[in-house]
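Here are my notes for you, written as numbered points. Please keep the model open while you read, and look up each residue as it comes.

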Amino acid sequence: MQVSEILAPGSVKVLPKASSKKRLFCDLADVSRERLAIDYATAFSALQDREALGTTAVGRGVALPHARIGGLDRVHGVFVRLEAPLDFDATDRKPVDLIFALFAPDGAGVAHLKALALVSRTLRDPGLCAKLRANSDPSLLYTLLTEGTASEAA
């Protein structure tokens, strides 16, 4: 699996800030509605419901919110870089500025886990994260995220 299989070029955004997780989830739901034809209220509720189970911040300024949504044909991603980091209740207490949200079909157990593992490994690279933070052009961010991210494991 590759990041380019789950992330479309138009699903990458740079936002000045989000005042709260709720506001960020509104922004993610809006992008998913525009780019993936996912119902806004469904996406927002699914992200909120998953986050209520525990934070999806994974540390080092990265969060991986994810949700299962009926009617999808495969796993889709939305990437957002915030210019002003947001407190996300991360265990390392660092605010989040790199957010890669995943939307998976209801029955996509293995595919959902593979996509989550791929994105987690991709954003664990400190060099890549530094490049993502240093750039504000969505097309460049897409290129950075999708170049050389093939995974044979998981």
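1. Let us start with Val62. Val62 is buried, with a relative accessible area of 1%; here buried means under 20% relative accessible area, exposed means over 50%, and partly exposed is in between, with a 1.4 Å probe and protein chains only. Val62 sits in strand β3. Helices (H or I, at least four residues) and strands (E, at least two) are DSSP runs, numbered from the N terminus. Val62 and Cys129 are 67 residues apart in sequence, while their C-alpha atoms are 8.8 Å apart in space.

2. A word on where the values come from. Residues are numbered from 1 along each chain as its sequence is written, and side-chain values use heavy atoms, with hydrogens and water left out. This is a predicted model, in which local features need pLDDT of at least 70 and side-chain atom pairs count only at pLDDT 80 or more, while totals for chains, interfaces and linings use all residues.

3. Now the cysteines. How many disulfides does the structure hold? The number is zero, where a disulfide is a pair of cysteine sulfur atoms within 2.5 Å. In general, a disulfide is a covalent bond between the sulfur atoms of two cysteines.

4. Gly59 is found in strand β2 and is buried, with a relative accessible area of 4%. Its C-alpha atom is separated by 17 Å from that of Lys131, which is 72 residues away along the chain.

5. Move on to Arg60, and you reach the loop between β2 (57–59) and β3 (62–63). Is Arg60 buried or partly exposed? Arg60 is partly exposed, with a relative accessible area of 41%. Together with Lys94, Arg121 and Arg124, Arg60 gathers in a patch of positive charge on the surface. Patches are made of residues with over 30% relative accessible area and no salt bridge, with like charges joined within 9 Å and nonpolar side chains (Val, Leu, Ile, Met, Phe, Trp, Tyr) within 5 Å. Lys and Arg count as positive and Asp and Glu as negative, while His and the chain ends are not counted. The place of a charge is taken as NZ of Lys, CZ of Arg, CG of Asp or CD of Glu. The accessible areas come from the Shrake-Rupley method with a 1.4 Å probe, and for residues only the protein chains shown count as cover.

6. Next, the salt bridges. The structure holds six of them, a salt bridge being a side-chain nitrogen of Lys or Arg within 4 Å of a carboxyl oxygen of Asp or Glu. One of them joins the side chains of Lys21 and Glu51, at 2.9 Å from N to O. This pair links distant parts of the chain, as Lys21 is in helix α1 and Glu51 in helix α2, 30 residues apart. Lys21 counts as buried at 17% relative accessibility, and Glu51 counts as buried at 9%.

7. Asp27 forms a salt bridge with Arg23, with the closest N and O atoms 2.7 Å apart. Both residues lie in helix α1, four residues apart, about one turn of the helix. Asp27 is buried at 15% relative accessible area, whereas Arg23 is partly exposed at 38%. The side chains of Asp30 and Arg33 also meet in a salt bridge, at 2.6 Å from N to O. Because Asp30 and Arg33 are three residues apart in helix α1, about one helical turn separates them. Salt bridges that share partners also join Lys21, Glu51 and Asp89 into one network.

8. Finally, two residues with a backbone angle to check. Asp89 has a positive phi of about 60° although it is not a glycine, and Asp89 lies in the loop between β5 (76–86) and β6 (96–104). Ala37, not a glycine either, has a positive phi of about 60°. You will find Ala37 in the loop between α1 (21–36) and α2 (40–52), where Ala37 is exposed at a relative accessible area of 70%.
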